[in-house]
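Subject: Structure for you to look through

Dear colleague,

I am passing on the structure we spoke about, with the sequence alongside. Please open both before reading further, as the notes below are meant to be followed with the residues in view.

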Amino acid sequence: MDITDEILIDLYKRMVRVRLFEEEAGRLAESARLPGFLHLYVGEEAVAAGVCAALKNEDQITSTHRGHGHLLAKGGDFNRMMAELMGKATGYCNGKGGSMHICDLDLAMLGANGIVGAGVPIAVGAAFANRLTGNGLISVSFFGDGATNIGAFHEAANMAAALSLPMLFICENNEYAEYSPRHRTMAITDVIERAAAYGFPGAIVDGMDCVAVFEAASLAIEKIRSGEGPMMLECKTYRFYDHVGVKGTASNYRTDEEVEEMKKRDPLLVHEARLIESGVMSADSLQAIKDEIQKEVDKSVEFAEESPFPEVEEMLLDVYSKREPS
Amino acid sequence: MSPDNIFEGANESGGTEEKDGERKLGYGAAVVETMAQIMREDESVFIAGEDVGAHGGVFGYYRGLQPEFGEDRVVDTPIAEQAIIGLGIGAAVQGLRPVVDLMFMDFICVAMDQIVNQAAKLKYMFGGGAKLPLTITTAGGGGLSAAAQHSQSLEAMLCHVPGLKVVMPSDAYEVKGLLTACIREDNPTVFIINKRKLGDACHVPEELFEIPLGKGHIVREGSDATVVAIGRMVEEATKAAETLSDEGIDCELINPRTVQPLDIDLIVESVSKTGHLVIVHEAVRFGGIGAEIAAQIQEKAFDYLDAPIERVAAPFSPVPFSPVLEKKYIPDAERISAGIKNLF
Amino acid sequence: MTTVGLIANPLAGKDVRRFVSAASLNSDRSKIEILKRCVLGAIDAGAEKILLANDFRNLTIRAVEGLNLDGKIEEILFHPEGRRTDTTEAAKIFKEEGVKSVISLGGDGTQRDLVLGWRDVPLLPISTGTNNVFPFMVDPTVAGTAAGLIASNHLSIEEVSHQAKVIHVELPNGSKDLALVDVVLVDERLTGSRAVIKSDSVKQVLAAIANPACIGLASIAGRSNPVYFDDELAVSVICDPSATESVYAPIMPGSVSEVGIVDIKEVQLGESIELNGPGALAFDGERDFVMGENESAKATVLRNGPKVINPIFAIQTAAANKVFLRKRNS
Ligand SMILES: Cc1ncc(C[n+]2csc(CCOP(=O)(O)OP(=O)(O)O)c2C)c(N)n1
Ligand SMILES: [Mg+2]
């Protein structure tokens, strides 16, 4: 698990892909060019980047309502993603799912999810299949701090532990569930205490530092792959924008000072400083990476805007699978 | 509508306004006003749900309650739909009058055991011993590109369960009258708020009043066809009826207001006059409320029917995200008109 | 005023070493229970005041909730930010307030943070961390009693404490740092998740306490050439995976690794030792500073650290002095 220059740069690119895509999506939503709800991941990039970089491509992940980051960090395609956000036929879900349901089965991304906590049991199922077929893969479920208050999470955690499944639980603890601060909805501060309750190990890591996340996830993944059962990594992180959309809502559930304070720990800035300091990359080459990715983002907007909407006849397609002729 | 506006919808329509000497109130604002008035008069009423307190509900229709009634009676809960309903059931059995909120109607699925196996059945299973004055509020309906897990109309599932009452206000006036009736009712009720109606205002009396559960309302009298429309579809059906009246078809529009119990007598009476029936709802057509109404009408008013019963409803698919698809998915005035014309 | 200071590190015992070793999780609740027992023990032993250093989890404050200790509890004015520096800041305030003894919950890293704020603090460290060379595993009621007896002058600190050694480190950037147990140079270019996990990344261990029975990086030195708390010595071990000699050492709980040993050298107090880059320096088990190719740090071990109270010895001394026998009012 030596952290090479390649890994450091790879982590950076993954984060920048998420950040720039989402900033663009946020702008589009602000100007009413995106339909529906948009839950932005900005601020939490180090988690998705650090974890996905530590995975094999075929390892499955399940995601949340805040799912763009997970798919993009796993290698998701800007065009299909942006087209989906606009409800176009060329989108990841042919325009039927939208932001909350993006998925890419080829990348083993088993879907964002509109139901809080619902992805966790699904990852248990993927882990079960991995073990039954002996394919050597693991599954990962990303979920928020708030999601660990719902029954689905608890049933899944217990089952994963009882069956000793190859599954990594990633808690993205951003201290809020919608507008409720964590301390108002649970009597513990560290979600890993819930892993301990079900009998598997959990550890806390700085979720604003992609290297710390990568390192911790790699350690856990190695153990899980070797058959030690599930583990939980709790990433202490923060979302920079509002629960939905970009700008703040009426109730002052968190202060501007708090947000500003956390923005000082922006995972991109933290990593950029490290890359420059350690001589891995110059400021110019970092900018070049950003420019390159921004171009791709711009292209994805063009692609999405030029793409057709789905035909009305497609509405009733894919409600059921057809039995394939044998 | 941008996502922020969706969540702020109720607030934008929040105020009351005086127009032509009539007091007008928004649909969302009617929820807050009713809750506040009831909570003032009855100390046993409290509300619990995700973000209903400090934030005032994600749709804003509980805003202002916590400042007035405090954290003990306006309770922010963890994300725990099963436990939220259970909290209501346990407190109701203890003699309180809980209102518990499930935010999006889709989330009732997470709490189905507590609703279906517990709330609905306790009284019966206990031999009549328990009383359950429980109100479940939740926002249903589509039209906001909220996709398949945030747009459903699941009332038929609930109506199928003996022990529950299911209420679907179509405007602010009904919000006030029906919510009051639900909270004062001694049985579990599910009060379905339509999230696209939040901003619409109409005349609403200042003082509390009740609209009896199980009593429908004739929105518009007519002689040619009976149109039964549920929830927000009342608005669309009204438009359709107006268009058709210009074309010489005189529709009688019925709003059942509650779908369980259902005021079938009112519909029978109307059908026996018009000889034609169209049923409109946002939920999928298969197994929807329309199927039940149609079945009962053929049982009770078969001889009066001059044509097969027509249903205008959503097709059999999950609610699509793309606005172009969703627009075709949810019935509107145009499709309702077409449905009515099919009868002739 | 006879005051006992109380502090706990909420993050101790929760890092990634729980994945790669058999380290257990120390929950907030268990820490609160330990704190509560400390308070009760200290009050019973005659402490007039317990000064709480708040932490960002409110552990100390939650520990005294519901205890009816009329006026004996006080909080220091201080805003914890959830960082290591919280402990250091609190230590400074304890010192200013003239606290007679400090009970501190955490592992070696936590005690180090405390000593950064008050170098010769009268300290009763209780183990709730991962590596616990320094703190004691002891029943908290007993620990509280010991700290309380000292605060209330039933025992003198000189009688029951031993002053610890400190490894003083001058970093290449001119700043100063310290460690209580060990400073370790590892072949890493980043601080990452902080913990040192790979045994073959260890290049050099400088240990002030090298107990062969301990867990952590210091066990490499401890099993090569033991140096105990009271020895006027330290030890430096140069490691290399390709060395011909090796030692088996439990660098994490339940995880014993083979470490190649090139050189073992006893270090006198006051003598300076160089730790040459490139690599990351870990202080008491946590990577904290990265050195480049041509950079080096200078370390010197001195006996000028905290006055560490051994709770068992303190209680035994008190019993021998008949401190626990009281007259009954009849
Ligand atoms: C079952 C269910 N209940 C409630 C919601 C509404 N909701 C959407 S996101 C959210 C908060 C989730 O908090 P957390 O898990 O911490 O994730 P975060 O938004 O902070 O990333 C809630 C309550 C939902 N989508 N599903
Ligand atoms: Mg959260």
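Is B:Asp186 buried, partly exposed or exposed, and what is its relative accessible area? B:Asp186 is partly exposed, because its relative accessible area is 29%, and buried would require a value under 20% while exposed would require one over 50%. Please keep in mind throughout that this is a predicted model.

**Salt bridges in chain B**

B:Asp186 has a salt-bridge partner in B:Lys131, and the closest N and O atoms of the two are 3.8 Å apart. B:Lys131 sits in the loop between helix H6 (122-125) and strand S6 (135-140) of chain B, whereas B:Asp186 sits in the loop between helix H8 (172-184) and strand S8 (189-194), so this pair ties together parts that are 55 residues apart in sequence. B:Lys131 is also partly exposed, with a relative accessible area of 47%.

B:Glu185 forms a salt bridge with B:Lys165, and here the closest N and O atoms are 2.9 Å apart. This pair again links distant parts of the chain, since B:Glu185 lies in the loop between H8 and S8 of chain B and B:Lys165 in strand S7 (residues 165-167), 20 residues apart. B:Glu185 counts as buried because its relative accessibility is 14%, while B:Lys165, with a relative accessible area of 22%, is partly exposed.

A further salt bridge joins B:Asp200 to B:Lys197, with 3.2 Å between the closest N and O atoms. B:Asp200 counts as partly exposed at 32% relative accessibility, but B:Lys197, at 6%, counts as buried. Over all chains, the count comes to 53 salt bridges.

**The magnesium ion at chain A**

Which residues coordinate the magnesium ion (ligand 2)? The ion is held by A:Asp145 through OD, A:Asn174 through OD1 and A:Tyr176 through O, at 2.0 to 2.1 Å. Along the chain these donors follow the spacing D-x28-N-x1-Y. A:Asp145 is in the loop between strand S2 (139-144) and helix H6 (151-162) of chain A, and A:Asn174 is in the loop between strand S3 (167-173) and strand S4 (176-177), so that distant parts of the chain, 29 residues apart, are linked by this pair. Both A:Asp145 and A:Asn174 are buried.

**Where chain A meets chain B**

The contact between these chains takes 46 residues from chain A and 41 residues from chain B. Together the two chains bury about 3500 Å², with 67% of that area on carbon and sulfur atoms. On the chain A side, A:Phe37, A:Ile115 and A:Met315 lose the most area to chain B, and together they account for 19% of what that side buries.

How many salt bridges are found across the interface of chain A and chain B? There is one salt bridge across the interface, and the side chains of A:Arg184 and B:Glu71 meet in a salt bridge at 3.0 Å, N to O. Nine residue pairs in polar contact are also found across this interface. Helix H1 (5-30), helix H4 (78-85) and helix H7 (182-185) of chain A each supply at least two residues of the side that touches chain B.

**The two domains of chain C**

The domain assignment of chain C gives domain 1, made of 3-164 and 305-320, and domain 2, made of 166-302. Taken over C-alpha atoms, the centres of these domains are separated by 26 Å, and their contact takes 25 residues from domain 1 and 28 residues from domain 2. The area buried between the two domains is about 2100 Å², and carbon and sulfur atoms give 69% of it. C:Arg17, C:Arg112 and C:Val133 supply 30% of the area that domain 1 buries against domain 2, more than any other three residues.

Between the domains of chain C the count is three salt bridges and five residue pairs in polar contact. H5(C) gives the largest share of the side of domain 1 that touches domain 2, namely six residues. C:Arg112 forms a salt bridge with C:Asp177, with the closest N and O atoms 3.0 Å apart. Both of these residues belong to a network of salt bridges that also links C:Arg84, C:Asp113, C:Arg194, C:Glu286 and C:Asp288.

With kind regards

How values were computed. Residues are numbered from 1 along each chain as its sequence is written. Chains are lettered from A and ligands numbered from 1 in the order in which they are written. This is a predicted model: local features need pLDDT of at least 70, side-chain atom pairs count only at pLDDT 80 or more; totals for chains, interfaces and linings use all residues. Side-chain values use heavy atoms; hydrogens and water are left out. Donors are N, O and S atoms within 2.8 Å of the metal (3.2 Å for Na, K and Ca); water is not among the atoms, so sites may look incomplete. Helices (H or I, at least four residues) and strands (E, at least two) are DSSP runs, numbered from the N terminus. Buried means under 20% relative accessible area, exposed over 50%, partly exposed in between (1.4 Å probe, protein chains only). Domain bounds come from an automatic or database domain assignment. Contact means heavy atoms within 4.5 Å. Buried area is the accessible area (1.4 Å probe) that two parts lose on being put together, summed over both. A salt bridge is a side-chain nitrogen of Lys or Arg within 4 Å of a carboxyl oxygen of Asp or Glu. A polar contact is a pair of N or O atoms within 3.5 Å; within protein, one must be able to donate a hydrogen and the other to accept it, and residues adjacent in sequence count only if both atoms are side-chain atoms.
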